[in-house]
Amino acid sequence: MTAAFNIGLQRERTGLAWNRTGLAMLVNALLVLRAGALADHLPVIALGFLLLAASAAAIACGAWRAHHLARGGEHTTPWSLILATVAGVWVACAAGAVAVLIDK
Amino acid sequence: MARQRRDPAWRQGGQEPDYRFTLANERTFLAWVRTSLALLAGGVLLDQFATRLEPREVILGLAIGLAVLSSILCAMAYVRWKANEIAMRHAQPLPTTLTIPMLASIAMLLAAIIAAIELVR
């Protein structure tokens, strides 16, 4: 396998990894939205939309990252991106806990 | 090799790793993030859809427990990502971790608890 072929695959897999992360976040966003809608609880609905935005951001990140890498951009993972992802998951955890605790 | 100005000191030491290792580390981090999100979703799903499982307090406890576990796993994902970055920069072997046996144990425990709840009913 030539080096050029391999790097192309690496870029694609990295973009897909972000994509799948966005999809995983989307599932959580929909569950939180559902909980908020069923209980008619506005703060939880708002949290659901926040997570929806986060999942869109992760999916967009996948597209951006794959494109950026394909153009020969730097491979280093931006530290801020990693931190933002951790923050996103923590918000999702808090939202999930709240969604479970509200009166149904 | 351009460096982001706001990178912490540990990110600037040693040598820039081979691109394949950098991207592989990124994907590994994301795999752990997805595992966290899956566990979190599992907890919320238990609460919302497993409506005939009793007692509800146990289900609630499981859901909250999974949310907490999810946040811990995500923190560990970051710690591992950082440790791998540092190891790669200094041509060290990658650090070992107990996260996978830990995760496997927790998943089995969770399955056992749900099976027990169902059997007791």
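Visitor: What does the secondary structure of chain A come to?
Guide: Three helices and zero strands. Bear in mind this is a predicted model. Along the sequence, chain A reads α-α-α.

Visitor: And what radius of gyration does chain A have?
Guide: Chain A has 17 Å, whereas a compact globule of 104 residues would come out near 13 Å. Its C-alpha atoms fill a box of roughly 60 × 20 × 15 Å along the principal axes.

Visitor: How much of chain A is buried?
Guide: Buried residues are 45% of the 104 in chain A.

Visitor: What about contacts between residues at least 6 apart in sequence?
Guide: In chain A, 62% of those join residues at least 24 apart.

Visitor: OK, switching to the interface. How many residues are in contact?
Guide: 40 residues of chain A touch 38 residues of chain B. The two chains bury about 3500 Å² between them, with 67% of that on carbon and sulfur atoms.

Visitor: Which residues in chain A lose the most area to chain B?
Guide: A:L31, A:W79 and A:V100, and together they account for 18% of what that side buries.

Visitor: How many salt bridges across it?
Guide: The rule finds one. B:E26 pairs with A:R65, and their closest N and O atoms are 2.7 Å apart. There are also 13 residue pairs in polar contact between chain A and chain B, both residues at pLDDT 80 or more.

Visitor: Which elements of chain A give two or more residues to that side?
Guide: α1 (3–39), α2 (42–70) and α3 (79–101). The largest share, 18 residues, comes from α1(A).

Visitor: And how do the residues on that side divide?
Guide: On the side of chain A that touches chain B, 22 are nonpolar, 11 polar and seven charged.

Terms used
Residues numbered from 1 in each chain as written. Chains lettered and ligands numbered in written order. Predicted model: local features only at pLDDT ≥ 70, side-chain atom pairs only at ≥ 80, totals over all residues. Heavy atoms only, no water. Contact = heavy atoms within 4.5 Å. Buried area = accessible area lost by both parts, 1.4 Å probe. Salt bridge = Lys/Arg side-chain N within 4 Å of Asp/Glu carboxyl O. Polar contact = N/O pair within 3.5 Å; in protein donor to acceptor, adjacent residues only side chain to side chain. Helix = DSSP H or I, 4+ residues; strand = E, 2+ residues; numbered from the N terminus. Nonpolar A, V, L, I, M, F, W, Y, C, P; charged D, E, K, R; others polar. Rg over C-alpha atoms; globule rule 2.2 N^0.38 Å. Buried < 20%, exposed > 50% of the residue type's maximum accessible area, 1.4 Å probe, protein only.
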